[in-house]
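Please look through the sequence and the model shown below before reading on.

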Amino acid sequence: MVEQSQLERDKARAIPLKQIQTELLAALEKTDESGVADAVDLLISQGAYHGCSDIHLEPWTDYFSLRYRIDGILHQCAFIPKEFQAKINARIKVLADLVVYRKDVPQDGRIDFEKTTCGRPLRVSTVPTVKGEKTVIRLLGDMMETYTLTSLGFQPKVLNTLREIIMRTSGTLMLTGPSSSGKTTTIYALLVEMMALQKNTTNIVTIEDPVEYTMDRISQIQTNPHADFTFATALRAILRQDPEIIMVGEIRDLETAQMAIRAGLTGHFVISTIHSGTAAGVFTRLLDMGIEPFLVASSVTAVLAQRLIRLNCPECTEAYTPDPGMRARFYSGKKRYKFFRGTGCDACNNIGFRGRATIGELLTVDQQLAETILEQPTTSKLEALAITKGMETMAEDGFAKARKGITALEELARVLPSVLD
């Protein structure tokens, strides 16, 4: 943990996004060796303060570009002269224990929180491009601050059902959504809650690629494909060590899927992720991969599909009238609702949004749904049945948040393009 005084110092020297370029250039103009180091410290600490999840340093034709991904959207922050490109990349590589002179191959590394001005661990990835190396820095969070199930934005009904599901001793809980939809955060929040509910009586093992956040009282395994240590290999090994709860970072192939599904039938509770558009689509995906219908119907307890939406900035939110066509994409009723959106202010860097929350749909499998899965139904048929049983879709969840002024309809359209079809 970072001392509070350090956090206060970082916040005290925070600067608006539009001024970052000026500060960076001032640091780089120093004649001694500290200039590049100060510039790297600055771009990392400012990224952390502004709620950045990733820092992109990209070689362009005339400049070395700095962009922050804030609430899922990239924002241009600085154009750095090309002459500093190699020096900045080299400094970051030194901090991440990467090979500085290798510029022709991708590299991945980690910077421990003790080495950073923001007091947070960082994950570093470099790849060669035709204009030089591109570097992306992922800012990792603090466990106790980041992973609270109640803070993610799920509806109370979904939260209550999830808490009931994670107390079971067997079954499989699947999470689905595109990259950067918050699945990993939700899983860690579930694990934190499971540890709090079950104390020290449970053997929890995770298989991840990579292990982004380390946790006490959990055995976390990092896969290594170069050594043929894959998700399937790790899963096969840990099943011999009597785990009650298994988290598999991602189901990517038939072998891993079969082992995870079977583990959920044999006295283990399994949590994993798989790529699909909707909760109902996960069952179609598993069946298409070659999993027997009876295994899917018997083992999968529930599927949680989710997305991340940006929240209206509370400092500049105002009522507005959305385009009728935009409103019709989410709601066809006659009742009139008031909608809100952020207009942009200093607090949100004139973006209009600040922070993110989750919208989700939770499909729980009961006897009727299990019998339907045995018939290998279409995704639309399974989804329609789940809705008749009370499942609230992501679009409905998002529209409810828009009616409350939490987000804007245009943000829902960006995150849920399928509703436009």
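## Serine 219 and the basis of the model

Serine 219 lies in strand S9, where strands (E, at least two residues) and helices (H or I, at least four) are DSSP runs numbered from the N terminus. With a relative accessible area of 40%, serine 219 is partly exposed; buried means under 20% relative accessible area, exposed means over 50%, and partly exposed lies in between, for a 1.4 Å probe and protein chains only. Not counting residues up to four places away in sequence, serine 219 touches Ile204, Val205 and Thr206, and contact here means heavy atoms within 4.5 Å. Tyrosine 101 is 118 residues apart from serine 219 in sequence, and the two are 35 Å apart in space, C-alpha to C-alpha.

This is a predicted model, in which local features need pLDDT of at least 70 and side-chain atom pairs count only at pLDDT 80 or more, while totals for chains, interfaces and linings use all residues. Residues are numbered from 1 along each chain as its sequence is written, and side-chain values use heavy atoms, with hydrogens and water left out.

Aspartate 209 and proline 210 are joined by a cis peptide bond, with omega at about 0 degrees. Proline 210 is found in the loop between strand S8 (204-208) and strand S9 (219-222).

Aspartate 71 is not a glycine, and yet its phi is positive, near 55 degrees. This aspartate 71 sits in the loop between strand S2 (63-70) and strand S3 (73-81), and it is buried, with a relative accessible area of 11%. Asparagine 349, which is not a glycine either, has a positive phi of about 55 degrees. Its place is the loop between strand S14 (339-342) and strand S15 (353-364), and at 22% relative accessibility asparagine 349 counts as partly exposed.

Phenylalanine 339 belongs to strand S14 and is buried, with a relative accessible area of 2%. Leaving aside its neighbours within four places in sequence, phenylalanine 339 is in contact with Glu318, Ala319, Tyr320, Pro322, Arg327, Phe399, Ala402, Arg403 and Leu409. For alanine 402, which is 63 residues apart from phenylalanine 339 along the chain, the C-alpha atoms of the two are separated by 6.4 Å.

Glutamate 58 is found in strand S1 (residues 52-59), and at 8% relative accessibility it counts as buried. Its contacts, leaving aside neighbours within four places in sequence, are with Tyr63, Phe64, Ser65, Arg67 and Lys134.

## Packing of helices

Two packed helices are described by the angle between their axes and the distance between the axes. The axes are lines fitted to C-alpha atoms, for helices over the stretch in contact, and the angles run from 0 to 180 degrees between N-to-C directions. Helix H3 (residues 34-49) and helix H4 (residues 85-95) pack at an angle of about 70 degrees, with axes 10 Å apart. That makes H3 roughly perpendicular to H4, since angles under 35 degrees count as roughly parallel, over 145 as roughly antiparallel, 65 to 115 as roughly perpendicular and the rest as oblique. The contact is made by Val36, Ala37 and Val40 of H3 together with Lys87, Ile88, Arg91, Ile92 and Leu95 of H4. These residues divide into six nonpolar, no polar and two charged, where Ala, Val, Leu, Ile, Met, Phe, Trp, Tyr, Cys and Pro count as nonpolar, Asp, Glu, Lys and Arg as charged, and the others, Gly among them, as polar.

Helix H13 (residues 367-374) and helix H14 (residues 379-388) pack at an angle of about 170 degrees, with their axes 11 Å apart, and that makes H13 roughly antiparallel to H14. Gln368, Leu369, Thr372 and Ile373 of H13 meet Lys381, Leu382, Leu385 and Ala386 of H14 in this contact, whose residues divide into five nonpolar, two polar and one charged. Threonine 378 lies in the loop between H13 and H14 and, at 48% relative accessibility, counts as partly exposed.

## The second largest pocket

The second largest pocket has a volume of about 330 Å³. Of the 18 residues that line this pocket, the closest to its centre are Lys157, Leu362, Gly390, Met391 and Glu392. A pocket, on a 1 Å grid over the protein atoms alone, is an open set of points where a 1.4 Å probe fits, with protein on both sides within 12 Å along at least five of seven lines, and lining residues have an atom within 4 Å of a point. Grid points are joined across faces, edges and corners, and the volume is the space filled by probe spheres set on the points.

Helix H6 (156-165) and S15 are the elements that give two or more residues to the lining of the second largest pocket, and S15 gives the most, with five residues. The residues of the lining divide into eight nonpolar, five polar and five charged.
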